Amino acid sequence: MKKQISGGNYYSVEELAKDVFGDSVYITNITGVQGGDINDAHRVSLSSGDLIFVKTNSISNADFFLKELNGLAALQSTGKIGVPGILGTGIDTRRGYSFLALEYIEGSARVNTYWETFGHQLAEMHRTEGASFFKSGNYGFMEDNYIGSSVQKNQPMEKWIDFYRECRLLPQISMAERYLDVSVRKKVEYLLEHLDSYLREPEFPSLLHGDLWGGNMLTGPDGKAWIIDPAVYVGDFEADLAMTQLFGSLPKRFYDAYSEINSIDKHGYFERKKLYDLYHLLNHLNLFGEMYLRSVVEIIEEYGG
């Protein structure tokens, strides 16, 4: 399959298919598939025998796909882990939607070392050096993007703790104020003022997937783990690890293998993990409502003085 990054210039999926696979190619079938809570997802069959995966949303949400494309491209640039090939993005004004087209991944049987290989590859991705995704600063990204449907701020900063306070916790806490009573807000203020007592400055910045829960991992055609639907930025690798455990942990052999390449300070990590959980739980509170409030408040009360 020819793979290219289009930059978002296509006016229809048909135009994209002809440009990527040849002028004689046409769509033969479109089938709806599971694609998450935000977008509609489709398996598109072509006359060439190729399959492509297409996500669609409203025209007003076209920026979702431009930012996802750039995030996928950043992950691909490391060459360390499986990521679907990027075909292109665009806006179909005639049908009234925006779209992102990717290589369609037909999974195969998992290799015997599936979790060990995934642990090694993710650790290698986190340790990749030399890639620059912004003009200045150690942490952040070249642009803001999205965590779910929430805007994710990525203003580059020199210090990780400053970035995590200003670009992760503060925006979500501001959106969640209506859920937090006066006593909890005071604890939030204490937590933010004393964040450097709980978090560390990493030894090195890592390119992160940013939303690495089990639903954003799949088995690729090589039988290994591939990653999808990123919320990419440069940060502390512990933030990615924490997300792999927020909604059900991966097997122990994944973390053991990860630590062979990139050592996990297990005691310190578990001291910090809940603060990385807090960002995602706040986002879920803001997106889905009060069912996440108790989990948010428990973490704030534990660290809020």
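A nonpolar core is a set of buried Ala, Val, Leu, Ile, Met, Phe, Trp, Tyr and Cys residues joined through side-chain atoms within 4.5 Å. Here, buried means under 20% relative accessible area, exposed means over 50%, and partly exposed lies in between (1.4 Å probe, protein chains only). The model is predicted: local features need pLDDT of at least 70, side-chain atom pairs count only at pLDDT 80 or more, and totals for chains, interfaces and linings use all residues. Residues are numbered from 1 along each chain as its sequence is written, and side-chain values use heavy atoms, with hydrogens and water left out.

The largest nonpolar core has 77 residues, and Phe118, Leu122, Trp160 and Leu169 have the most contacts inside it. Helix H8 gives the most to this core, with 8 residues; helices (H or I, at least four residues) and strands (E, at least two) are DSSP runs, numbered from the N terminus. Apart from this core lies another, of 14 residues, among them Tyr10, Val20, Val25 and Val54. In soluble globular proteins, nonpolar side chains tend to be buried together.

Helix H3 comprises the 13 residues 114–126. Of these residues, 10 are buried, so H3 is largely enclosed by the rest of the structure. The buried residues of H3 include Trp115, Phe118, Leu122 and His126. Their cover includes helix H2 (62–78), strand E8 (206–208), strand E9 (217–219), strand E10 (225–227), helix H6 (237–246) and helix H7 (252–261), where contact means heavy atoms within 4.5 Å. When neighbours within four places in sequence are left aside, Phe118 is in contact with Ile81, Met217, Ala225, Ile227, Leu250 and Phe254. The end C-alpha atoms of H3 are 18 Å apart, which agrees with the 18 Å that its residues should span at 1.5 Å a residue; the expected span is 1.5 Å times one less than the number of residues.

A salt bridge is a side-chain nitrogen of Lys or Arg within 4 Å of a carboxyl oxygen of Asp or Glu, and by this rule the count comes to 17. One of them joins Glu14 and Arg95, with the closest N and O atoms 2.8 Å apart. Because Glu14 lies in helix H1 (residues 13–21) and Arg95 in the loop between strand E4 (86–92) and strand E5 (97–103), the pair ties together parts that are 81 residues apart in sequence. Glu14 is partly exposed, at 28% relative accessible area, and Arg95 is partly exposed at 36%.

A further salt bridge links Glu68 and Lys55 (2.8 Å, N to O). Glu68 belongs to helix H2 and Lys55 to strand E3 (residues 51–57), so this pair ties together parts 13 residues apart in sequence. Glu68 is buried, with 9% relative accessibility, and Lys55 is buried, with 3% relative accessible area.

Arg272 and Glu238 also meet through their side chains in a salt bridge (2.7 Å, N to O). The pair links distant parts of the chain, since Arg272 is in helix H8 and Glu238 in helix H6, 34 residues apart. Both Arg272 and Glu238 are buried. Salt bridges that share partners join Arg200, Asp236, Glu238, Asp265 and Arg272 into one network.

In the loop between H7 and H8 lies Ser263, which is exposed, with a relative accessible area of 56%. The C-alpha atoms of Ser263 and Ala123 are separated by 8.8 Å, although the two are 140 residues apart along the chain.
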